Amino acid sequence: MSEQVSLEKVIEDVAVELLRISATNLPTDVFNAMKDIKSRAKTDSSLLQITNIIDDATLARDESKPMCQDTGIVSFVLKIGDDFPLKSKLKDILIAATRRATKEIPLRPNTVDLFLGNPGDNVGYRGHIPYFYIDIIPGDKLKITAMTKGGGSSNIAKLGMLKPGLGLDGALKFAIDAVAEAGPAGCPPYRVGIGIGGGEDMCMNFAKKALLRPIGKRHEDPKVAILEEAVMEACNILPIGPMGVGDGDTVIDVNINLAARHPASLPVGIVMSCWALRHGSAIISRDGTFEYKDYLE
Amino acid sequence: MAIYKFTLPLTDEQVKSLKVGDNIYVTGKIVTARDDAHKHALAMYNKGETLPVDFKTLGIYHAGPIMAKNENDEWYMVAGGPTTSNRMEIFQDTFIEAFGSNLIIGKGGMGARTTAAMHKFGAVYGMFTGGAALLAANQVKEVVEVHWFDILGMPECLWVLQVEEFGPLMIGIDAHGNNFFTENEKITMAKKPEAYKIVEQALEAVK
């Protein structure tokens, strides 16, 4: 019993820390991508904007404060080992961690209820938030990723239920359209996740999870990898640039996740992250030892 | 394109001198106002009620900050970058007309209604780096007043802030009817066929 209680405490503490890492520490590869973009900026406006972004991310890391005031609707990706001792209880622990993180970091209270207003705790009155993406895996470990994705870049997400006859060509052009239409609205440079196949909800899910790949990590299928690079190149000739000032890189990276589709459907989900692409991961063992990771796998 | 440093409120001459693409830094008082604050302010104005602040003298900042109290029970800004301005497009023209504000600060640009009002009444839109919440907080020197906290909550209420060299703000809409963002959107859309071509070639290569 006492061992279990202490494991619960470890998970809660680690989850609070992951939310802190996510909100305050821009992943190193994203930070380096910003520096590369700065080196390519041609106009004053572009240089001023990307410099502000880098300075802000540096301040956040040094002062352990949220780099953006919008710390999003909190979500957790959970991969639960067959032999990890806690399962359904994880939700309660992570809800408690979210409440604590909201006060301690602090996170902005974002869970607005349409009837009851904002309870101020990032949990809300009706369940569902924080949101959990749950998978079960072999082994005895728990793998957690915390995400604090801002609302501005969620507002530019797109779902397309395309005619199958349009094929991959249509799907990838839909992604280019989404980036072009987003323009400055979601705080570029963007990370673009493209989910193709599955169904209307699945493709959005695949697209969101594509944002969790390390920058530059291509799809395992070399054909898809070529398409990821092509969409990135295509988006980067659009004159949007950092914060939409019209010059410089528009996207940081593009990642595609593919699934089988129904013969009558071609679902395409586009999920974008703002420059502040925020997440934090950890692997927790059943004995309570843990390790923080930039990326899982 | 030029870079200027101004003290708030901006004079009519300063407003007129600015062109889209210029960058400015401002020192003086600004007030946060987003969706609910715009709605509430206009509702009070329409009922003839007295507003708690004079929006004419303040830069209007589209932002919903994280605020906290220090050990002396005084408010300070933890993080406070701009929010997406386009949500205020439905209010901004009547807001400018009603209150005479001449500097709107936000991110992402605004549309035709705001552009027309800025042209007619003499105002500019300055874009602060989206997400740069700590830079913004560092440029806030004092929380002067807070209004409507009890009714609108932390992100939506009016925070009157003394700021120093707040910026850079890229002028996205000037007082001469120019809108950088809507013009750039046209250029972006015109570029799409060329972007499509890159994807078509890649698809050909992986066939």
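**Close-up views of a predicted model**

**View 1. The lining of the largest pocket draws on chains A and B.** β2 (131-137) and α5 (151-154) of chain A, together with α6 (149-152) of chain B, each supply at least two residues of this lining. Helices (H or I, at least four residues) and strands (E, at least two) are DSSP runs, numbered from the N terminus. The largest share, four residues, comes from α5(A). This is a predicted model, in which local features need pLDDT of at least 70 and side-chain atom pairs count only at pLDDT 80 or more, while totals for chains, interfaces and linings use all residues. Residues are numbered from 1 along each chain as its sequence is written, and chains are lettered from A in the order in which they are written.

**View 2. Helix α2 (residues 28-40) of chain A has buried residues.** Asp29(A), Val30(A), Phe31(A), Ala33(A), Met34(A) and Ile37(A) are buried (under 20% relative accessible area, 1.4 Å probe, protein chains only). The 13 residues of α2(A) should span 18 Å at 1.5 Å a residue, and the end C-alpha atoms are 19 Å apart, which agrees; the expected span is 1.5 Å times one less than the number of residues.

**View 3. Four strands of chain A form an open sheet.** The order is β4-β7-β5-β6, with mixed pairing (two strands pair if DSSP finds at least two bridges between them). The edge strands β4 (158-162) and β6 of chain A each pair on one side only. Eight bridges join β5 (residues 190-198) of chain A to β6(A), and these strands run parallel. Ile196(A) stands opposite Leu258(A) in β6(A).

Technical notes:
Side-chain values use heavy atoms; hydrogens and water are left out. Buried means under 20% relative accessible area, exposed over 50%, partly exposed in between (1.4 Å probe, protein chains only).
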